[in-house]
Amino acid sequence: MSVDPAAHPELQKQLYLGFSGLAILVFDYCINVNAEIIWIWDTKWTLVRILFLLARYVPFILVPVSIYYSSWIYPSRQTDCSRWNEAITGMIIISLAAAEVLLFIRTWVLWRKKRVVLIGLTALGSACLGVSTTLGALADVPTESHYTCIEPLRTMALLSNFYGLALFEFVILILTIIQIFKHDRRSRIFMIIRNDIVYTMCILGMSIMNSILLNQSPVLILQVVIHSVFGSRLLFSLRQIMRQQHIMSISAAQSTFRDADEMPTMVFSEDPGFSSRAVGVEYEC
């Protein structure tokens, strides 16, 4: 049974934000599909590529399903709501988890895979996950609604999830800011990391907003969208940084050969369609 959105302001807000999230996803995909082909599709299958696909494409399924079943269908049986709630919640968890792990790996690699960073981020992430899981198991999450299958969820358990996300992302932001001071302001790597800081601030801001608004369903969907969009861009940026580091290492090698009058013939592609395999480089992430 369909519901008239005009008669329910809360339902209108869900529809507006839901369709806004879908528009953001489609627009971002259209303007970044070339970067995705260069930095993702032309690389071998790794854990990072799998995580990227989950963070990038699960929201394309989640957002339309969430819009339809949370806004338009009056549940004939409460079991119908429970089934769709479980499916939507599962997709939210998968997408956010994949995006957060990508942030974790990207920061670790940005810090040249230092063990202290690996151990610190792992401990922090585990602590946040443990607290959220414990509170979630103790709390009762309401799912009934008068006219829609998914209503805004306001429980301390779900709220703690986004407090944990915000804390983890704040640490990621600090670590990224520290890295920018290690590079020349005129270098390309500096500009890439500067953009990364903006992307991370957007992700962190969305997590904080979700906590303030008590985890309302439409904003929760936007949380997934923002993580997908900017998480993907952060991975593209990391690949660009690794490419620049590879270019600098080749330049240093060329200078060494030139000084020794033993420089061999070397060819390096500067074409915009550069791929890791084109020059025999396999990225480790």
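Predicted model: local features only at pLDDT ≥ 70, side-chain atom pairs only at ≥ 80, totals over all residues.
Buried means under 20% relative accessible area, exposed means over 50%, and partly exposed lies in between (1.4 Å probe, protein chains only).

Figure 1. Residues are numbered from 1 along each chain as its sequence is written, and side-chain values use heavy atoms, leaving out hydrogens and water. The protein has seven helices and zero strands; helices (H or I, at least four residues) and strands (E, at least two) are DSSP runs, numbered from the N terminus. Read from the N terminus, the elements run α-α-α-α-α-α-α. Contact means heavy atoms within 4.5 Å. Among the contacts with a separation of 6 or more, 76% are between residues 24 or more positions apart. The protein exposes about 14700 Å², and carbon and sulfur atoms supply 66% of it; accessible areas come from the Shrake-Rupley method with a 1.4 Å probe, and for residues only the protein chains shown count as cover.

Figure 2. Side chains of opposite charge can pair when their charged atoms come close. A salt bridge here is a side-chain nitrogen of Lys or Arg within 4 Å of a carboxyl oxygen of Asp or Glu, and the structure holds five of them. One is formed by the side chains of D28 and R233, at 2.8 Å from N to O. This pair links distant parts of the chain, with D28 in helix 1 (residues 9-41) and R233 in helix 7, 205 residues apart. D28 is buried, at 2% relative accessible area. Another bridge brings together R56 and E36, at 3.4 Å from N to O. Here R56 belongs to helix 2 and E36 to helix 1, and the two are 20 residues apart. Both ends are inside: R56 is buried at 1%, and E36 is buried at 0%.

**Figure 3. Aromatic rings pair up.** Rings of Phe, Tyr and Trp (its six-membered ring) pair if their centres lie within 6.5 Å; planes under 30 degrees apart count as stacked, over 60 as edge-to-face and the rest as tilted. The structure holds five such aromatic pairs. In one of them, the ring centres of F52 and F236 are 5.8 Å apart and the planes meet at 50°, so the pair is tilted. F52 sits in helix 2 (residues 47-71) and F236 in helix 7 (residues 217-259), 184 residues apart, so this pair links distant parts of the chain. F52 is buried at 0% relative accessible area, and F236 is buried at 4%. Elsewhere, ring pairs link Y29, Y57 and F60 into a cluster.

Figure 4. L103 lies in helix 3 and counts as buried, at 3% relative accessibility. Beyond its neighbours within four places in sequence, L103 is in contact with E169, I172, I203 and L234. L103 and E169 are 66 residues apart in sequence, yet 8.3 Å apart in space, C-alpha to C-alpha. W108 is also placed in helix 3 (residues 78-110), and is partly exposed at 21%.

**Figure 5. Q179 in helix 5.** Q179 is placed in helix 5 (residues 156-180). Is Q179 buried or exposed? Q179 counts as buried, because its relative accessibility is 6%. Not counting residues up to four places away in sequence, Q179 touches L110, W111 and I193.

Figure 6. C30 is exposed, at 54% relative accessible area, while C128 is buried at 14%.
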